[in-house]
Amino acid sequence: MALDQSFVGRSYPPTDPYEVGREKIREFAEAVRDANPAYVDPEAAKALGHPDVIAPPTFVFAITFKAAGQVIEDPQLGLDYSRVVHGDQKFVYTRPVSAGDRLTVTSTIEAIKSLAGNDILDIRGEVHDEAGEHVVTAYTKLVSRAAEGA
């Protein structure tokens with residue numbers, strides 16, 4: 001069953017603040033095998049003009065996808081998550097994420113499309129710091145595969 005187009009433009013409440021820690025950044029940088037010293041060495045980051053270590057660009061996926069859970073789990077939307085695959089991801093930064101940031105995410109449904117029986121859901125996650133300043137926008141595309149035989 002196709003997702004309801006009237007959900008396009010719907011925003012969900014901001015998440016509770018997520019405090020970015022140096023250790024989380026280091027662990028993430030190691031996991032993605034990125035040896036940039038600005039991710040692990042505060043002095044290297046400061047030499048580049050940052051207040052503390054910065055996070056690799058895809059670090060925010062963890063918090064923006066968790067925030068998108070409000071959309072995914074909305075019973076009124078009716079998305080069958082067991083049929084969902086991650087279709088695409090894009091980040092547009094105003095500034096890097098730094099250790100010590102307290103970030104909130106507001107998720108909005110940007111588009112809902114049907115293609116060959118599949119539902120395609122575009123979610124925009126606006127990430128702001130504690131001062132309300134924009135940090136990054138995450139664009140997530142989810143594809144809900146058509147039921148077999150549909």
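Two strands count as a pair here if DSSP finds at least two bridges between them. Keep that cut-off in mind for the first stop, and remember that you're looking at a predicted model.

Select β1 and β3. They pair in the antiparallel sense over two bridges, so they meet the cut-off of at least two. Zoom in on Y18 and you'll find L103 of β3 standing opposite.

**Stop two: the whole sheet.** Now show the strands together. You get an open sheet of five, in the order β1-β3-β4-β5-β2, with antiparallel pairing. β1 (18–19) and β2 (84–93) stand at the edges with a single partner strand each, so one side of each has no neighbour in the sheet.

Select residues 118–128, which is strand β4. Is this strand mostly covered or mostly open? Mostly covered: eight of its eleven residues are buried.

Bring in β3 (residues 102–115) on one side. Eleven bridges join β3 to β4, running antiparallel, and one place to look is A111, whose bridge partner in β4 is D122. The hairpin of these two strands has two residues between them, and there A116 takes a positive phi near 55 degrees.

Pick R124 and its bridge partner in β5, Y139. The hairpin of β4 and β5 has five residues between the strands, with G132 at a positive phi near 85 degrees.

While Y139 is on screen, show the side chain of K90 too: K90 lies over the face of Y139, at 5.0 Å from the ring centre. For another example of a charge over a ring, jump to R10, which lies over the face of F7 at 3.9 Å from the ring centre.

**Stop four: the aromatic pairs.** How many aromatic pairs does a search of the whole structure find? Two. Start with F28 and F59: their ring centres are 5.6 Å apart and their planes are at 85 degrees, so this pair is edge-to-face. F28 lies in helix α1 (residues 22–31) and F59 in the loop between α2 (42–47) and α3 (61–72), so the pair ties together parts that are 31 residues apart in sequence. Colour by accessibility and F59, at 7%, counts as buried, while F28, at 22%, counts as partly exposed.

Now select F61 and F65. Here the ring centres are 5.2 Å apart with the planes at 20 degrees, so the pair is stacked. Both residues lie in helix α3, four residues apart, about one turn of the helix. F61 has 27% relative accessibility and counts as partly exposed; F65, at 21%, also counts as partly exposed.

**Last stop: P57.** Go back to the loop between α2 and α3 and pick P57. At 45% relative accessibility, P57 counts as partly exposed. Which residues does P57 touch, not counting those up to four places away in sequence? Y39, F91 and Y93. To finish, draw a C-alpha to C-alpha distance from P57 to A29: the two are 28 residues apart in sequence and 9.9 Å apart in space.

Technical notes. Residues numbered from 1 in each chain as written. Predicted model: local features only at pLDDT ≥ 70, side-chain atom pairs only at ≥ 80, totals over all residues. Heavy atoms only, no water. Buried < 20%, exposed > 50% of the residue type's maximum accessible area, 1.4 Å probe, protein only. Phe/Tyr/Trp six-rings, centres within 6.5 Å; stacked < 30°, edge-to-face > 60°. Lys NZ or Arg CZ within 6 Å of the ring centre and 35° of its normal. Contact = heavy atoms within 4.5 Å.
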